[in-house]
Every structure is written in structure tokens, then in C-alpha cells.
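User: I want to check the labels on this model one by one. Please set each value against its cut-off.

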Amino acid sequence: LNANLSDADLSDANLSDANLSAAIILNTDLRDTRNLTIEQFNVEPVPLICNSPLPEKLKIEGGKDRDCAQLADVLLERYPWDFENREAAEVFVTEAREKTWD
């Protein structure tokens with residue numbers, strides 16, 4: 001719960017039992033993970049995903065950038081010691097979104 005998976009390397013990770021509730025998935029390549037399901041994204045509180053490509057067969061409404069617009073506020077709320085203000089959190093998200101995926 002409330003995991004921060006920003007920039008995590010999950011290559012070949014088996015996520016069959018992963019509880020993604022309220023997780024922040026930012027700039028994380030999920031394409032080569034195993035056993036990730038749509039149900040893991042349809043939990044409450046929902047995991048937040050931004051610039052994190054999904055496995056080819058997994059489609060979620062809003063896609064890999066579904067929650068980018070609200071992420072700065074959530075980061076500031078959860079990690080106020082890491083961000084001086086909302087603008088700093090927004091810069092962090094913007095820089096993370098600059099990563100491109102092959």
C-alpha cells in the first residue's frame with residue numbers, strides 16, 4: 001500500500017500478488033513484467049500511473065499517462081519533505097515524463 005515505484009526496474013518481475021493500491025507508478029517500465037492484471041489497477045484507492053508503459057495485452061482507461069495531471073499534488077501530500085512546494089513537485093513529474101520508451 002502506498003508504494004512509490006518511481007523509476008523502479010521491474011523487468012521480468014512477477015506481479016501476480018502485488019497490491020498496487022495507492023501505489024505511485026511513475027516513469028516505470030512495466031512492459032516486461034509478468035502476471036500484471038487489470039484488476040490490480042481497479043482497486044481502491046487506485047494506483048497512480050504516469051509515463052509507465054504497460055504490457056502490450058494490458059489496456060487501462062487513460063493508458064500509461066492516466067494520472068499525470070494529479071501526481072504533483074499527491075507527491076507533495078505524501079512526501080512534503082521531498083518537495084519545497086507544488087511547483088517543485090510539478091517539475092519532478094515533468095522531468096519524469098521526458099523519459100521516452102523504445
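Analyst: Start with burial: a residue is buried when its relative accessible area is under 20%. Note also that this is a predicted model.

User: Why is T28 called buried?

Analyst: T28 has 0% relative accessibility, so it counts as buried. T28 sits in the loop between β1 and β2.

User: What does T28 touch, not counting residues up to four places away in sequence?

Analyst: T28 touches L5, S6, D7, A8, L10, N51, S52, P53 and W101. A polar atom of the T28 side chain also lies 3.4 Å from the backbone nitrogen of D7. The cut-off for a polar contact is 3.5 Å.

User: What makes S52 buried?

Analyst: The relative accessible area of S52 is 0%, so S52 is buried. S52 is placed in the loop between β2 and α1.

User: Which residues is S52 in contact with, leaving aside neighbours within four places in sequence?

Analyst: They are I25, L26, N27, T28 and K64. For T28 there is a further value: its backbone nitrogen is 3.0 Å from a polar atom of the S52 side chain.

User: How do you know that C50 and C68 form a disulfide?

Analyst: The cut-off is 2.5 Å between cysteine sulfur atoms. In C50 and C68 the sulfur atoms are 2.1 Å apart, and the pair forms a disulfide. A search of the whole structure finds one disulfide. The pair links distant parts of the chain, 18 residues apart: C50 is in strand β2 (residues 48-50) and C68 in helix α1 (residues 68-78).

User: Why is the disulfide of C50 and C68 called right-handed?

Analyst: The torsion about its S-S bond is about 105°, so the disulfide of C50 and C68 is right-handed.

User: Are C50 and C68 buried or exposed?

Analyst: Both C50 and C68 are buried. In α1, the buried residues are C68, L71, A72, V74 and L75. These buried residues of α1 pack against β1 (24-26), β2 and α2 (86-97).

User: Which residues make the contact of α1 and α2?

Analyst: From α1, they are C68, A69, L71, A72, D73, L75 and L76. From α2, they are R86, A89, E90, F92, V93 and R97.

Definitions and conventions
Residues are numbered from 1 along each chain as its sequence is written. This is a predicted model: local features need pLDDT of at least 70, side-chain atom pairs count only at pLDDT 80 or more; totals for chains, interfaces and linings use all residues. Side-chain values use heavy atoms; hydrogens and water are left out. Helices (H or I, at least four residues) and strands (E, at least two) are DSSP runs, numbered from the N terminus. Buried means under 20% relative accessible area, exposed over 50%, partly exposed in between (1.4 Å probe, protein chains only). Contact means heavy atoms within 4.5 Å. A polar contact is a pair of N or O atoms within 3.5 Å; within protein, one must be able to donate a hydrogen and the other to accept it, and residues adjacent in sequence count only if both atoms are side-chain atoms.
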